[in-house]
Amino acid sequence: MLMKGSDCMGKLTEIDITEAMRALNIEVNDEVSLVVRENIALISIHYDLVSGVLCPSKAECEET
Amino acid sequence: MLITQCSAFEISSQIRERKISAEKVITAHLDRIRKLDPTLNCFTKVLEKEALSEALALDAKIAAGGDVGELAGVPFAVKDLFDVAGLPTTAGARMRELTAPVKEDAVCVSALRSAGAILIGTLNMDEFAYGFATVNAHFGTTKNPHDMQRLAGGSSGGSAAAVCAGLVPISLGSDTNGSVRVPASLCGVYGLRPTHGGISEEGVYPFVKSLDTVGIFARSADDIELVLEVINQNEIDAVLPEKIGVLSGWFDGQSDPELLAELHAFAECIGATEFVDIPLAEAARSAGFVETAAEGGKLHLSGLQSDAMGYDPAVRSRLIAGVLLPDCVLNDAKQVGALFKQQVLEKFSEFDVLIALSTPVCAPLISENDIKIRGKQVSARANLGTLCQPISQAGVPVLSVPLKRKSGLPIGIQLIASIGQEAKLLAFAKSLEARGLIGQPMPSMGEMPSC
């Protein structure tokens, strides 16, 4: 039986990079922020594959 | 045979039988390091005085009839993330050079020293082990001894290149997503990633704790076995595998077609006629990618807060991206990793060993940031470990062995067994060596100096 995923793609795509880094007290310049953004985008592509394996709701998991 | 071409087993036997002194062995290796390492850039630190002093002490002990261990006088070196008493553990980061020297050796370093091995230095790596290239903004790029214009692979590139070039017969590295198997493949040496948790990680700077595994490099299966026996203090019994399967499906699509054809020819030679598809391989690779960013990033939160710009630029942005990820991303990745592990372990009820290429391509040029896999341009630094990364999720032991090729650069094959089955892999590798199917290709880096 498949396990239930948390389906947090929404949270991932909504990350405000500048704000999130400020909240964590990480200081970098704009150039680095841009590369961080690219990396989050790449991670999102991989996460899409991960979340595709997991069923989004407990009910669907039970059906599987 | 030249001393620097000898195996660890041969060196320790000759020293114990008093055919050669430990001093002569260490001097020969130090001479070779002095000659070749300025170009290769394997070492971050060479412990010349300490190594010579230990060699002299060992010779005196032998002369006095004292007991010496199985690795008596064998020079070795470790990736610069193993604690070495008296040195700071840099983990490939310039910012850690000024940290306090550690008081004790890592458990596995201590085990090798207790068996008489002599530590000769620390080795280059990608900063904090985050990369498959050993391109380090602070400590430079380690070159491939087979072609100085090419990458040695990473992140344990210094460990693989040093063994390949005869600077040491054995070395230690670490493998999270393929950091032993990738450089072993590109440099044409043997690299063992044991069962996850099979070797103590105490005193080893972490990267992604749930995947980190101490690994061993050597030029033969015998030497890998010898080191593993010494570290784990148990003898390995030979068990030859009977049924071999060839990983296919997603793995085929990630491999250079010519190299894949060579893998299939090798498989035919050994009677491995069944192809094995593991449906979650691609998702497991992605899970590894996500897990590494998230777990690695979280480990570095305080470092990023205090000095983000002090990190290697190629590592910094990936760690920051990882630290920004919500926890749910990591949890989901771990769930998929666990599902994949279940699928892999099920295959071992049918097969004793599974095989796959270790890297999708041979060593790429240092000057090129990208590699081409089946016509698609992808980053070398992130993708050289594509074929290793999913296997890490299963926690099983993997031995990368150098395929004997008619021509061309080295390429490794992953021999994969179920949890705790290292003995099967080593016995299998020895049988393949005996048939002339695998073995270290000599690097074309000039003459091997006389010792």
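In this predicted model, the lining of the largest pocket draws at least two residues from each of several elements in two chains, namely helix H3 (30-53) of chain A and, in chain B, helix H8 (250-253), helix H10 (281-299), helix H12 (313-323), strand S14 (370-373), strand S15 (376-379) and helix H14 (380-383). The largest share of this lining, 7 residues, is supplied by H3(A). By class, the lining of the largest pocket comprises 15 nonpolar, 10 polar and 9 charged residues.

The second largest pocket has a volume of about 260 Å³, and among its 18 lining residues B:Met1, B:Gln5, B:Arg219, B:Gln440 and B:Met442 lie closest to its centre. Its lining divides into 7 nonpolar, 7 polar and 4 charged residues.

Strand S11 (residues 244-247) of chain B is covered on both faces, with B:Ile244 and B:Val246 buried on one side and B:Gly245 and B:Leu247 buried on the other. In a regular strand, side chains alternate between the two faces of the sheet. S11(B) pairs in the parallel sense with strand S13 (residues 353-357) of chain B over 3 bridges, and within this pairing B:Gly245 stands opposite B:Leu354. S11(B) also runs parallel to strand S12 (residues 274-276) of chain B, to which it is joined by 3 bridges, with B:Val276 of S12(B) as the bridge partner of B:Leu247.

Note on methods: Residues numbered from 1 in each chain as written. Chains lettered and ligands numbered in written order. Predicted model: local features only at pLDDT ≥ 70, side-chain atom pairs only at ≥ 80, totals over all residues. Heavy atoms only, no water. Helix = DSSP H or I, 4+ residues; strand = E, 2+ residues; numbered from the N terminus. Nonpolar A, V, L, I, M, F, W, Y, C, P; charged D, E, K, R; others polar. 1 Å grid on protein atoms, 1.4 Å probe; cavity = no way out; pocket = protein on both sides within 12 Å on 5 of 7 lines; lining within 4 Å. Points joined across faces, edges and corners; volume = space filled by probe spheres on them. Buried < 20%, exposed > 50% of the residue type's maximum accessible area, 1.4 Å probe, protein only. Pairing = 2+ DSSP bridges.
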